Each structure stands twice: as C-alpha cells, then as structure tokens.
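Here's a quick look at how one model is put together inside. Have the sequence and the 3D view open as you read.

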Amino acid sequence: MTSDAMNCERFNERLIDYLEYDVDAVARASVERHAVTCDECGALLADIRKLRVDAANLPELAPIPEP
C-alpha cells in the first residue's frame with residue numbers, strides 16, 4: 001500500500017469534496033472503490049446518499065405569518 005492509497009482516514013478526508021463533486025475523476029473512482037470494499041465506509045456513503053434523497057423529497061416549508 002502506498003501513501004496515496006485510499007484508506008478509511010483518506011476516505012473521510014475526501015468525503016465532503018466527493019459529495020460536492022469537487023474531486024477529479026481519479027480521486028472520485030478511488031473513493032467509490034474504497035466504499036465498495038470497506039463495509040464501514042460503504043455504509044456511511046450509503047447513509048449519506050439516502051439522507052440526501054430523503055431531504056430532497058421533503059416538502060418546502062413556508063414561514064407561518066404572525067397574527
């Protein structure tokens with residue numbers, strides 16, 4: 001394993017950039033490959049993806065007018 005190899009620590013460091021599409025294709029593939037091979041990181045990524053879908057499907061809220 002080289003120092004550039006993806007591991008759980010590097011996965012966590014790059015996760016936000018990955019989610020915001022702020023990584024290049026090589027880094028993106030590395031994060032995805034690690035998530036497929038690591039149960040813990042894969043579950044984390046799946047949970048975040050589900051939260052994003054759930055949040056996107058929430059109804060839009062409007063402020064309640066004051067009486």
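At 11% relative accessibility, His34 falls in the buried class, because buried means under 20% relative accessible area (over 50% is exposed, in between is partly exposed; 1.4 Å probe, protein chains only). His34 sits in helix 2, residues 25–37; helices here are DSSP runs of H or I with at least four residues, numbered from the N terminus. Skip the neighbours within four places in sequence, and His34 still touches Met6, Asn7, Cys8, Phe11 and Cys41, where contact means heavy atoms within 4.5 Å.

Ser30 is on helix 2 too, and its 15% relative accessibility makes it buried. Between Ser30 and Leu15 there are 11 Å in space, C-alpha to C-alpha, and 15 residues in sequence.

## What we're looking at

This is a predicted model: local features need pLDDT of at least 70 and side-chain atom pairs count only at pLDDT 80 or more, while totals for chains, interfaces and linings use all residues. Residues are numbered from 1 along each chain as its sequence is written, and side-chain values use heavy atoms, with hydrogens and water left out.

## The core

The largest nonpolar core has eleven residues: Met6, Phe11, Leu15, Tyr18, Leu19, Val31, Ala35, Cys38, Cys41, Leu45 and Ile48. Such a core is a set of buried Ala, Val, Leu, Ile, Met, Phe, Trp, Tyr and Cys residues joined through side-chain atoms within 4.5 Å. Helix 1 (8–19), helix 2 and helix 3 (39–56) each put in at least two residues, and helix 1 gives the most, with four. Leaving out neighbours within four places in sequence, Ile48 is in contact with Leu15 and Leu19.

## How the helices pack

Helix 1 and helix 3 pack at about 20 degrees, axes 11 Å apart; axes are lines fitted to C-alpha atoms over the stretch in contact, with angles from 0 to 180 degrees between N-to-C directions. So helix 1 is roughly parallel to helix 3 (under 35 degrees is roughly parallel, over 145 roughly antiparallel, 65 to 115 roughly perpendicular, the rest oblique). On the helix 1 side, the contact includes Cys8, Phe11 and Asn12, and on the helix 3 side Leu44, Arg49 and Arg52 are among the residues.

What about helix 2 and helix 3? Their axes come within 5 Å and cross at roughly 115 degrees, so helix 2 is roughly perpendicular to helix 3. His34, Ala35 and Thr37 of helix 2 meet Asp39, Cys41, Gly42 and Leu45 of helix 3.
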